[in-house]
Amino acid sequence: MWRADLGQIQARAGFPENRPLAEAVWVPATGHNMRYIEREITLLSDGGDMSIHRRRFLKAASVGTVLGLAGCSSQQSDGNASPTPNSTQQDDQQGSGQIGDGELVLATTTSTYDTGLLGALNPVFEESFGVTMKTIPKGTGASLRTARDGDADVILVHARNAEDQFMQDGFGVNRRDVMFNDFVIVGPEDDPAGINGMESATDAFATIAEQEAVFVSRGDDSGTNKKELIIWDEAGIEPSGEWYRAIGKGMGDTLVQANESGAYTLADRGTYLSMQDEIELVIHVQGPLKGGPVILKNPYGVMAVNPAKYGDVNYQAAMAYIGFLTSPQGQSMIENYTANGSQLFFPNAIAEEPNFGQYVPQGYSAEQAQSLSRHDKQFLYWVENEVPTNY
Amino acid sequence: MVLLQVQLPDGGWTYVLSIVVVSLKVSLTAVGLSTLLSLPVALLIGFTDFPGKRLLTAVINTGMGFPSVVVGLVVLMLLSNSGPLGTFDLAFTPQAMMASQFVLATPVVMSISLSSVEEVSRSIRDAAYVLGGTRVDVGLVVIKEARYGIVTAILAGFGRAISEVGSILIVGGNIVFSDGQSYTRTLTTAITVEARQGRYELGLVLGVVLLALVLVVNSLGSWIRSKGRGTRAS
Amino acid sequence: MRLTATDVSKSFDDAVLEDVSLGVEPGQVLTIVGPSGTGKTTLLRLFAAFQPPDSGTIAWNGSDLWSLSEAERLRVRRKMSMVFQEPSLFNAPVRRNVAYGIRVRKPWSERLRLGVGGLVGNEPLAESVQTALESVGLAHKAGQNALTLSGGEAQRVAFARALAVDPEIVLLDEPTSNLDPRNTAVLEDAIRRASDRGVTCVLATHDMNQAERVSDHVAFIFDGEVVETGPPAQVFERPTDRRTKRFVEGELLVDSAVEPDPTEPSS
């Protein structure tokens, strides 16, 4: 980590001393944001349109400042990024006032919300773009419904089939992949059903059903719930009986209840990790991030609500937010976000290889059957390239 | 003795304070509006005989037990951008919460006010009339005579509003701004967030704050009631 | 200032009043006597303009009350006040009860001002309130809550309340039937003194002795009609009608038809 003085950068870029671009700030730098700042400096020294570059530079400087500090503070165990004390200095040098009506309504799932990731991301977006965010945590089904009713501007969910339907019905535009993690099958330490270490999720579920071990299902049509039902379906089982309890609650609630009852459940790794302090459940079947079956993949997508359907949605701010989430700095923040010492999400919005599948519903291309498994291959490709071997 | 390990939510006491402010703002407004509507209606229903009066009274009483989630859904559907009142842009705002709590509190306030008002004896009304009072004057006398019951009605309505969670969760969206200031999060919905994340102790702390609030309001109500000086001669 | 009932009929379930005509002369104490359930209360309530009669007219100085606008009728109503069998005092201090009639006659702006002032501190006792309370001997209890008074005291306050508005006519519906002799005497004395000051009093009672003590003029009502009127001496000692005679002699204590309470709404 080395420190950079904006004054130095300014001098290196060849700007005259009597026209300061920004006050000097201490920027503790990680490798990542220095790359970005260096790129900006290169662009600046090319000459060209000063005003555009000036703005981009300021943005880079301010965001880089925050990123740097975020990178530092995320090493604390509670996974919260405290806002940079320097950010207020940048206020009067931000971009012009409002986008749309200055408010962005984001509907997202409770599990995403509860990890605290958005608490770290959103303030940065608000600062940079001068938009006030209103985040509504609801289940996946409710978030999609809210968006269909035009009561939200942008949604961030993790239920690909439902997202596809949303796009097919014309409500969602500009879908982008944002990040992924996976699901894990968790249960009590003593593993009454004996599924620990299994490499097939369907087999694990089948064993649980056979042993009639207590299983708690979210039963709320959420992304997690949909995934769970897909697994039961693949295993050819219709779960019923006293051991299978659908409780209609959020992920946190479900984990807590499973913990209390010594039951198995399917959880997204992010929520599980962020709650490890509160519960004693352990992972019995890993997800693909750690070599488990691909069926447990959990990709997140963001979409803007179609302004043609609802003329008064804040489309510009929604697009700005999508741009922010999928930008290098946004993706970097996602990558660096941890809870209880572990990384929760893996960014996958941008890659050198083309990734058309994110923009359209699955199977949109002519080769329908093939594109489904292509998606799985795509996922494994990300895992291979993004997830460090020592994760 | 085990000390409860409680870590204040992010934002600490400013966060809690802003939640309390939203809770009070929403519930007090809802009950206030409810009272303004309920008192004249109670007077109207109480003193007139009309066909279907008993049915109407029964309907009002039934409204007291109306499930809050259902009210929340209906209000959301009305205020949603795709609903009939979408132009007012009220979905997920404190105003929407006031509206749904207004619907929940009104049957309570109206029903109890109605029975208090009906208990005021006819001779009191006659006395006010015969001393030169207009209909409005007589109504005011009745309200003053029934003030014990009416304050009870308002407190009951407030209790229903401040402690409910189902409707405001749906119409309000439980929103907190990035700086930790609550927009549509109240004590009750904040407790759901903490409970959802397994932070039970914190949920309890918020619950205690809520109870303290209700206690303060009820004490105020009792004091107002006792200001009536002198007990009712039975 | 004449208050008249002309051919007035009013019924609830059974016929109560049938073609009753009665005039109230200013300045006198008119007592309406008759057995219980005979229509006295109904007639008084018609005079007080609670409800219009089924037929006939109630007139003030010749104008039919019920053909007036509501505002005009209110003005006429405010020349009268009434005392009932039950004191019907409000749950408030005695002084507030007595001042009630005065307050409602004031414009709203003044009432609001008084109301706010009342919250802050005690209002000074209006002169008419003071006088009215003194005339019933209860000025010393002005600050006490009205519901803590004894029955007799309460009824006296009710009378003070009716007097405080300085009415032209006071209607009294069996005001002393629930009182002990002492309070009865106080009230009768107050009635007489009010009459001396020029207030017209219309008193309904089944107590002939009271009628004799208090009134200038008596009307005997039986079975929904005015049977006989005249000065008390004449009606009681030299009744012309046989029914009057029987009433005076102690028979006919109850009306032939049982009258439902006219203060209850008909179901």
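This is a predicted model: local features need pLDDT of at least 70, side-chain atom pairs count only at pLDDT 80 or more; totals for chains, interfaces and linings use all residues.

Me: What area do chain B and chain A bury between them?

Reply: The contact draws 21 residues from chain B and 25 residues from chain A. Of the area buried between these chains, 47% is on carbon and sulfur atoms. The total for chain B and chain A is about 2,000 Å².

Me: How many residue pairs are in polar contact across the interface of chain B and chain A?

Reply: The count of salt bridges between chain B and chain A is zero. On the side of chain B that touches chain A, the residues comprise nine nonpolar, eight polar and four charged. For polar contacts across this interface, with both residues at pLDDT 80 or more, the number of pairs is eight.

Me: Which residue meets Lys53(B) in a salt bridge, and why does the pair tie together parts that are 65 residues apart in sequence?

Reply: Lys53(B) lies in helix H2 (residues 53-63) of chain B, whereas its partner lies in helix H4 (residues 94-119) of chain B, so the pair ties together parts 65 residues apart in sequence. Lys53(B) has 15% relative accessibility and, because buried means under 20%, counts as buried. The partner, at a N to O distance of 3.8 Å, is Glu118(B).

Me: Are Glu153(C) and Lys141(C) buried or exposed?

Reply: The side chains of Glu153(C) and Lys141(C) form a salt bridge at 2.8 Å, N to O. Glu153(C) is in helix H6 (residues 151-164) of chain C, and Lys141(C) is in the loop between helix H5 (127-135) and H6, 12 residues apart. Both residues are buried.

Terms used
Residues are numbered from 1 along each chain as its sequence is written. Chains are lettered from A and ligands numbered from 1 in the order in which they are written. Side-chain values use heavy atoms; hydrogens and water are left out. Contact means heavy atoms within 4.5 Å. Buried area is the accessible area (1.4 Å probe) that two parts lose on being put together, summed over both. A salt bridge is a side-chain nitrogen of Lys or Arg within 4 Å of a carboxyl oxygen of Asp or Glu. A polar contact is a pair of N or O atoms within 3.5 Å; within protein, one must be able to donate a hydrogen and the other to accept it, and residues adjacent in sequence count only if both atoms are side-chain atoms. Ala, Val, Leu, Ile, Met, Phe, Trp, Tyr, Cys and Pro count as nonpolar, Asp, Glu, Lys and Arg as charged, and the others, Gly among them, as polar. Helices (H or I, at least four residues) and strands (E, at least two) are DSSP runs, numbered from the N terminus. Buried means under 20% relative accessible area, exposed over 50%, partly exposed in between (1.4 Å probe, protein chains only).
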